[in-house]
Amino acid sequence: MTRPIQIAPSVLPADFARLGEEVAALEEAGVDLVQWDVMDGQFVPNLTFGPDVIAAARPHTSLPFEAHLMVHTPDAMAERYVEAGCQRLIVHVEACPHLHRTLEHVASLGATAAVALNPGTPASSIAHVLDLIDLVLVMTVNPGFGGQAYLASMEPKIAEVRAMLATTGRDAAVDVEVDGGIGPDTVAGAARAGANVLVAGSALYRDPEGLGHAVATLRRLATDAVT
Ligand code: DX5
């Protein structure tokens with residue numbers, strides 16, 4: 001079962017003084033959803049968007065929002081990000097000693113739950129929660145900053161996650177997302193490995209032909225790689 005290719009921008013490179021206009025421009029450019037890289041300065045050495053910032057951008061687009069919670073205490077913060085207008089919350093396995101309970105908590109808030117794996121975290125760590133999630137994020141950089149080099153060494157893990165989903169019958173319901181270093185030179189490898197939701201920040205904003213061209217290029221390259 002091949003899940004549909006989706007392009008999800010990271011807004012890290014966007015102009016933070018104009019986030020409402022920036023998310024409207026992303027919708028115009030043809031993205032499928034918006035990923036907010038939420039960083040608390042504890043789980044990763046960077047600090048980004050609080051829930052009020054996301055809530056301020058919410059009225060400017062009809063796109064789904066997902067919050068990638070690179071935070072030390074996802075349980076304590078989850079409700080605020082759902083209230084801010086995020087339909088999906090992605091929690092890091094590494095920040096959740098009670099992962100099963102955390103994912104149930106996210107679902108109880110009315111959001112869809114997803115898990116993220118840092119490069120050093122094995123796919124096996126999510127084997128017992130596949131029934132609670134609609135997406136697995138395989139990080140292809142170490143989290144904290146945009147503009148890093150893609151870790152092609154994560155491609156076997158992407159394939160392993162896709163295989164786990166297939167053997168447990170969850171393949172048709174769960175997306176596999178990658179985040180970090182995704183661009184025209186790396187997107188095909190990630191898609192061939194099994195990723196269908198492709199998060200990109202730098203590659204979208206550095207395209208001299210603009211966001212629309214960058215989104216269409218990534219979508220075409222990913223689609224061609226799996227057909
Ligand atoms: C890492 C960040 C980045 C960002 C995308 O914590 O989450 O991966 O979203 O960065 P680029 O696309 O610029 O590599």
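The following questions and answers concern this predicted model.

Me: Which residue of β8 is the bridge partner of I7?
Reply: Strand β1 covers residues 6-9, and β8 covers residues 197-200. The two strands pair in the parallel sense over 4 bridges. Within β8, the bridge partner of I7 is L198.

Me: Which residues of β1 point the other way from Q6 and A8?
Reply: In a regular strand, side chains alternate between the two faces of the sheet. In β1, Q6 and A8 point one way, and all of the strand's residues are buried. Pointing the other way are I7 and P9.

Me: How many disulfides does the structure hold?
Reply: A disulfide requires two cysteine sulfur atoms within 2.5 Å. The sulfur of C86 has its closest cysteine sulfur in C96, 16 Å away, and is therefore too far for a bond. C86 counts as buried because its relative accessibility is 3%, and C96 counts as buried because its own is 6%. The number of disulfides is 0.

Me: What is the volume of the largest pocket?
Reply: The volume of the largest pocket is about 360 Å³.
Of the 31 residues in its lining, the closest to the centre are G147, G180, G181, I182 and S202. Elements giving two or more residues to this lining are β2 (34-39), β3 (65-70), β8 and α7 (202-205).

Me: How many residues of the lining of the largest pocket are charged?
Reply: Asp, Glu, Lys and Arg count as charged. The lining also holds 15 nonpolar and 12 polar residues. The charged residues number 4.

Technical notes. Residues are numbered from 1 along each chain as its sequence is written. This is a predicted model: local features need pLDDT of at least 70, side-chain atom pairs count only at pLDDT 80 or more; totals for chains, interfaces and linings use all residues. Side-chain values use heavy atoms; hydrogens and water are left out. Buried means under 20% relative accessible area, exposed over 50%, partly exposed in between (1.4 Å probe, protein chains only). Two strands pair if DSSP finds at least two bridges between them. On a 1 Å grid over the protein atoms alone, a cavity is a set of points where a 1.4 Å probe fits but cannot get out, and a pocket is an open set with protein on both sides within 12 Å along at least five of seven lines; lining residues have an atom within 4 Å of a point. Grid points are joined across faces, edges and corners, and a volume is the space filled by probe spheres set on the points.
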